[in-house]
Every structure is written in structure tokens, then in C-alpha cells.
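Let us walk through this model one piece at a time. Keep the sequence and the coordinates open side by side.

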Amino acid sequence: MIAPESLPRVLHGATGRPLTLAQHEEAFGPMPTATPSLDLLESSGLTGRGGAAFPTARKARLIGEQRGHNKFVVVNAMEGEPAAHKDRTLISANPHLVLDGAQYLARVVGARHVAVCVSRDDPIMVNHLQRAVHERDRHATRAVSFELHTPPWRYVAGEESALVHWLDDNESLPQYRPRRPHVLRIGHAPVLVDNAETCAHVGLIARYGADWFRRLGTPTSPGSTLVSVSGAVARPTVLEVPLGVPVRAILERAGADPDPQALLMGGYGGAWLDARHLDVAYANDALAPLGSSVGAGIIIVLPRSGCGLIETQRIARWMANESARQCGPCAFGLPAIADDLARLTVDTPGAGAAYDRLVDRCGAIEGRGACRHPDGVVRLVRSALQVFSAHVEDHVRGRACAASRSNHHYSAVPTLEREEELVWE
Amino acid sequence: MGVRRRAGGFVLLVNPILCDGFGHCAELAPDLVHVDEWGYPVIVTEPVPLANLAALESARYAVRGCPRQALRIERVSDAH
């Protein structure tokens, strides 16, 4: 039993190697054999840790109410965000906790299969999970079967409909869902998709109860969460923090620059947060008025010496390249936005026109894709224009900042791949 | 007799994955659809009352005229 107020929770007992099943049961205690109940999840108030923060119990209830005796639970450990390392850290510490949670969810919704999805570009993670699943199979007396799937690594491949599309039809492309909530299906079988960290929390709630879970965090967003901090920090880390702590405290623990210029919250589809708001609580209801969110638990620290526009431009360029190119507004609009940002950052005479065009295009693209990929980029660009407004003014007037002439960047954007080399299946 | 009550409204919806930007919808239903700079449709999002027969008819033309069959009319009943 972990003491209620102590941290880490999901990273408890980490030894640097993934815990074996025996070590895992010693560290966390055995899973209760009682009939699993949705009410337990409901009263815990757990929300999804993959970015959307949707209540896990409500999603499980929706899938539980569907007909079908062949349902799936999909554990999403794809980690499409280049700045996120939390699923990797979690699975290289406690893979069995994730599988425990997935198994519990499977029993709640009546699923027979658990499909663990991890990107094939990360062989170490694949190896860890393969071992863990194999270990379970040997000790198994269970009605739930585990299978490991390895889709290609793409930004949008971790989006739930793209992931289910891959499991169904071997294509990591998002699907069109006109009505929400939408029940995703593999063949005819309903699918419950949950992030790996969410599953780990479920594994703890199943053991120790909802009240234990609520002892950390705020009443509206209880529990702890994993945060990947990178950028201007001593070294990029993954921390487990209670929700609702001040952002400044997280930065201190990560050894970040004490006087940053801005923070990118929530990942590449997230929003910039001005450093004036460093004392805001790290929870969605406190961050929402500032146009920001916890997202997938990513903080990128931008120091005073960096240029927010350049970082945004690099991220937008990469995100445009990662578009699945299914929807016109995303396939053509995101490169156009990236071009506008590039024109804004180098001092050409057309910078003022580029700024106006950029604002128009952001409005034109929003909400017109099948998935939220273009909306994320629009949110990022809009927040950049707002947070760095004085800076943008300088760039438009042709007074490019010193940082834009240096080659040092703070967001570790992967190198662009050529369009014909992108692997989708 | 024979009087149909046209309460509620409709919206024209596009499946952005199917849509290839032929632009027929913007010609067939110019009041509901205009195209963006890349030729993809931008559709009026607020429901149009079903009593607006001209708009409904043009929306139907747009649905039938779409080469990719990406358009759909959906009734919304909360307009009354």
C-alpha cells in the first residue's frame, strides 16, 4: 500500500528496470478479485491523461452499454508528441500497473481483448511490453487476453480514431466522426481507448479505492499526473506531481530556468503561457481562462534568450508535415500557416501582409478537419501571436530579434521527413 | 389537409476526408457554401429553417451534385 499523500504513485517502486510481475505484486499488493465496478471509477473522478481530460468513467460507461461480446480495450502508449516522455517512463518502470488497469477496465466494460499499442519506432518500449505481456500469459488464469500491436510512429497515429483504424484496417489515419460521443469499432466490436497513464491510475484506484485517489489533487481534477518538462531545464525530466500545484513548483523541481519568457503547455497542439502566470495552479479549470490546458502533461520552457515565434514556426512546420493529408483544410492550410510564420520571422517587406493572412487562415482552418490536428496548430499559433504580441510587432516592423538569427532552439522538433517517406501502415 | 409543418432546421455537413474540393457545392448552393482559398467548402454552421424552401432545395442539389458524395443534410429540431 502506498501512503495516500505520498508521491510517486504510478512511478512507485521504480528501479530503473521494468518491474517483473512478482516484484510488481510485491510493491503494489495483489489486484482485488472482487467484481469491478464503474461506480468506483466514477467516484474517483479520474480524467483521461492523454490530452482531452475526458472523464474515464463516462467513457467506460458508454462502451459498457454497447452490445457486443467481443469488445476491445486499447491501451494507447503511442506517445505521438515528440516532447512527451511520460508513457515511455511509465512503461519502463511499471508496465504491469498499466496492464492491471487495462484488465480492470476490460472487466468493467465486458471486453475480452486488451490491445496494447506502442510505436514500432521505439524498440525498447516494445521489448518491455512484450516481456510484460508474455509474463502475464504464463501466469494467466484470466478471461482477458493481451496482445501487443506496433503501429508506425506518427503524430496523428496516437489519435484514438487513427489508432483504432490501424487495428481495424492497418492504416494510421483518423476517421470522420460526425456525431459525438462516437463509439469506435474494430469490425463490429466496440473499443474503449485509454491512455497508458490513465490505465495505470485505474490500476491504483482498483487496489486502494477512490478516496485514496482523491487525497491528492483538487476536487475537480483529483489525483496526480506525469509531466514531461523540457526546453530550458537542467535536463529534460518526467515528474509525477499532484494536479493543482503551482506551475512554478513544477519548474523548480525540474531545475528549470527561474525566469522564463513563456511556457508551452500541453504539447505541440497546446498553447503558450505567459511567464506572468507562473503561479497558476496546474489543473485544467485554472488554466482554461488563460487559454491553456494540461493537455498530455507537457511543459516546454522558453527562456528570455529564445524567440517564441521561431519555435512556433518550427513546430508548425513539423505539424504540417505530420498531417495525414486527408482533409483539404489541414493538408493545404497547415503548410500555408507555416509559410506565413516563416515570412513573419525573416524581415522581408511582406511581413505585415503575412501577419494579416495568418490571422485569416487560422480562422479559416479551425474546426474543419476530421480530427483535432489542425485545431491544435491553430491554437498554438493564436496563443503565440497573443503571448509574443510585442515581439511579433518587432518582427513585422523588420526588427528581427537576436534569437532569430542564432541556430539554438529550445523545442526539440524532430527532423522533417520527406512526404513520400512517411509511413502510415 | 396536406399541410406539412416545417418546424426545425437543417444543416449541411461535409465529410472532410471524402471531400476533394471539386467546388460543385459552392455553385449549386451559393447561399450556404463558399469555398476557401484552396477550393474546399466552408459551410454555414448555424441551422437554416426548413421553411426556407429555396435553401433546402439548393442544399439537396449540392448533396446530389457532389462528385465524392461527401455532403449530407442533417435535420436539427431545436430551432422551435
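Chain A is divided into domain 1 (21-214), domain 2 (224-302) and domain 3 (308-409); the bounds come from an automatic or database domain assignment. The model is predicted: local features need pLDDT of at least 70, side-chain atom pairs count only at pLDDT 80 or more, and totals for chains, interfaces and linings use all residues. Residues are numbered from 1 along each chain as its sequence is written, while chains are lettered from A and ligands numbered from 1 in the order in which they are written.

Take domain 2 and domain 3 of chain A. Their C-alpha centres lie 22 Å apart. The contact (C-beta atoms, placed from the backbone, within 7 Å) takes 10 residues from domain 2 and 11 residues from domain 3. On the domain 2 side, strand 9 (residues 271-274) of chain A gives the most, with three residues. Strands are DSSP runs of E, at least two residues; helices are runs of H or I, at least four; both are numbered from the N terminus.

Now helix 8 (residues 196-208) of chain A. Of its 13 residues, 11 are buried, so the helix is largely enclosed by the rest of the structure. Buried means 20 or more other C-beta atoms within 10 Å of the residue's own, with C-beta atoms placed from the backbone. Among the buried residues are A:H201 and A:L204. Just after helix 8, A:G209 takes a positive phi of about 95 degrees.

Chain B holds an open sheet of three strands, in the order 4-1-5, with antiparallel pairing. Strands pair if DSSP finds at least two bridges between them. Six bridges join strand 1 (residues 9-14) to strand 5 of chain B. B:V11 has B:E74 as its bridge partner.

Terms used:
Contact = placed C-beta atoms within 7 Å. Buried ≥ 20, exposed ≤ 12 C-beta atoms within 10 Å, placed from the backbone.
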